[in-house]
Every structure is written in structure tokens, then in C-alpha cells.
Amino acid sequence: MPDMKALVVAVALLVACCAHASESVDQIRALVPDGITLQSIEESDSYIEIFGTAVSNQEISALMRAVDEARLGDPELESIKREGGASRFHLRVRFRR
């Protein structure tokens with residue numbers, strides 16, 4: 001069963017990045033892979049900042065690929081730090097104009 005908070009955040013990300021978001025529910029779920037917990041999202045005029053934790057760096061890479069492939073924006077990994085058994089990350093998605 002998908003993480004509902006992650007799904008809600010993915011929808012918010014789509015709406016913020018795309019004026020006319022028309023992705024299916026399956027495509028939205030694909031943006032936030034299993035193994036990622038989103039802590040917060042901050043929005044500005046030109047980008048979205050995503051803060052979260054991941055089981056491994058592969059999930060972060062998968063999220064970045066999904067954002068890029070969906071043409072939502074240009075993902076940039078700002079920081080990543082291993083803490084305990086998880087990777088804490090900060091991802092910036094610059095809007096495509």
C-alpha cells in the first residue's frame with residue numbers, strides 16, 4: 001500500500017511544477033519510490049526544495065530520475081548525509097520554463 005503522505009506530497013509537487021498536471025495516479029506514485037520518507041517541501045518562484053530520508057541512495061536516484069523523466073523540473077541533489085541506517089537528503093527541483 002502506498003504511503004499516503006508521500007502520495008499527497010507528490011501531487012503537490014506536480015501541481016507546483018505543472019500548471020496543467022494531467023499525470024495518472026500511477027505516474028504520481030512513481031515519483032516517490034518505496035523507501036523514501038519526505039520530511040518537508042518548500043516552494044519558491046523558481047524551484048521546490050525537498051527534504052527527506054531514504055533507505056539508500058538508490059531511492060534518491062530513482063526519485064530524481066522520475067522527476068526528470070516526468071519533465072517536472074531539473075532535479076539537483078543539494079546534500080546527502082548518512083545517518084544511522086538512512087540517508088538524509090535535500091533535493092532542489094528547478095522549474096523548467
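**Salt bridges and core of a predicted model**

A search of the whole structure finds four salt bridges, a salt bridge being a side-chain nitrogen of Lys or Arg within 4 Å of a carboxyl oxygen of Asp or Glu. This is a predicted model, in which local features need pLDDT of at least 70, side-chain atom pairs count only at pLDDT 80 or more, and totals for chains, interfaces and linings use all residues. Residues are numbered from 1 along each chain as its sequence is written, and side-chain values use heavy atoms, with hydrogens and water left out.

Arg 92 pairs with Glu 49, the closest N and O atoms being 2.8 Å apart. Arg 92 lies in strand E4 and Glu 49 in strand E2, so the pair ties together parts that are 43 residues apart in sequence. Helices (H or I, at least four residues) and strands (E, at least two) are DSSP runs, numbered from the N terminus. Both Arg 92 and Glu 49 are buried; buried means under 20% relative accessible area, exposed over 50%, and partly exposed in between (1.4 Å probe, protein chains only).

Arg 92 also forms a salt bridge with Glu 78, with the closest N and O atoms 3.9 Å apart. Glu 78 is in strand E3 (residues 74-83) and counts as partly exposed at 36% relative accessibility. Another salt bridge joins the side chains of Glu 83 and Arg 88 (3.0 Å, N to O).

The largest nonpolar core has 17 residues. Such a core is a set of buried Ala, Val, Leu, Ile, Met, Phe, Trp, Tyr and Cys residues joined through side-chain atoms within 4.5 Å.
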